[in-house]
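This report describes the strand arrangement, the packing and selected side-chain contacts of a single protein model. The sequence and structure are shown first.

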Amino acid sequence: MNEAYGKVFTTSEGEEFGIIREAKAPFPEELSKMKVTAEDECGNYFIVIDGKVAFWDHETSEKIILANSIEEFISGCAEPSKVELKPGQVESVWIDPEFAKEMGIDEKP
């Protein structure tokens with residue numbers, strides 16, 4: 001699964017899932033009896049059900065089968081598309097205060 005970390009999985013229809021990263025416990029109670037293989041940056045998980053890789057949506061608890069095997073899943077992963085922003089396009093951002101301290105970012109404008 002390490003080969004998928006930092007990448008996104010794209011379905012044959014072009015829907016993207018990820019950015020994929022190593023899953024860290026504790027996991028939601030609903031997933032306690034499942035094999036959790038990875039997570040994304042939004043609180044969703046990639047799980048294995050009967051050898052197939054599925055995406056578990058943390059808001060709906062919906063499970064979507066993405067690939068018939070871990071190998072198929074990994075082969076469907078690629079680097080995320082670059083996002084190009086124009087000057088002035090971002091009006092504001094929230095930065096975690098602890099992260100800001102670690103990075104030496106002044107929290108006040």
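The model is predicted: local features need pLDDT of at least 70, side-chain atom pairs count only at pLDDT 80 or more, and totals for chains, interfaces and linings use all residues. Residues are numbered from 1 along each chain as its sequence is written, and side-chain values use heavy atoms, with hydrogens and water left out.

**Sheets**

Helices (H or I, at least four residues) and strands (E, at least two) are DSSP runs numbered from the N terminus, and two strands pair if DSSP finds at least two bridges between them. An open sheet of four strands runs in the order β3-β4-β5-β6, and its pairing is antiparallel. Its edge strands, β3 (35-39) and β6 (63-67), each pair on one side only. From one strand to the next, the twist averages 35° (axes are lines fitted to C-alpha atoms, and angles run from 0 to 180 degrees between N-to-C directions).

Strand β4 (residues 45-49) takes part in two antiparallel pairings, with β3 and with β5. The table sets out both.

| Strands | Bridges | Residues between the strands | Turn residue and its positive phi |
|---|---|---|---|
| β3 and β4 | four bridges | five residues | G43, about 95° |
| β4 and β5 | five bridges | two residues | D50, about 50° |

Y45 in β4 stands opposite E39, and its bridge partner in β5 is W56. Four of the five residues of β4 are buried, which leaves the strand mostly covered (buried means under 20% relative accessible area, exposed over 50%, and partly exposed in between, with a 1.4 Å probe and protein chains only).

A further open sheet has three strands in the order β2-β1-β7, again with antiparallel pairing. β2 (16-18) and β7 (77-78) are at the edges with a single partner strand each, so one side of each has no neighbour in the sheet. Strand β1 (residues 8-10) pairs with β7 over two bridges, and A78 in β7 is the bridge partner of V8.

**Cores and aromatic pairs**

A nonpolar core is a set of buried Ala, Val, Leu, Ile, Met, Phe, Trp, Tyr and Cys residues joined through side-chain atoms within 4.5 Å. The largest has twelve residues, among them F9, F17, F46, F55, A67 and F73. The elements giving two or more residues to this core are β5 (52-56) and β6. A second, separate core has seven residues, including V36, Y45, I47 and A54.

The structure holds six aromatic pairs (rings of Phe, Tyr and Trp, the last by its six-membered ring, with centres within 6.5 Å; planes under 30 degrees apart count as stacked, over 60 as edge-to-face and the rest as tilted). One of them is the tilted pair of F46 and F73, at 5.5 Å centre to centre and 50° between the planes. This pair links distant parts of the chain, since F46 lies in strand β4 and F73 in helix α1 (residues 70-75), 27 residues apart. Both residues, F46 and F73, are buried. Together with F9, F17 and F55, they form one aromatic cluster.
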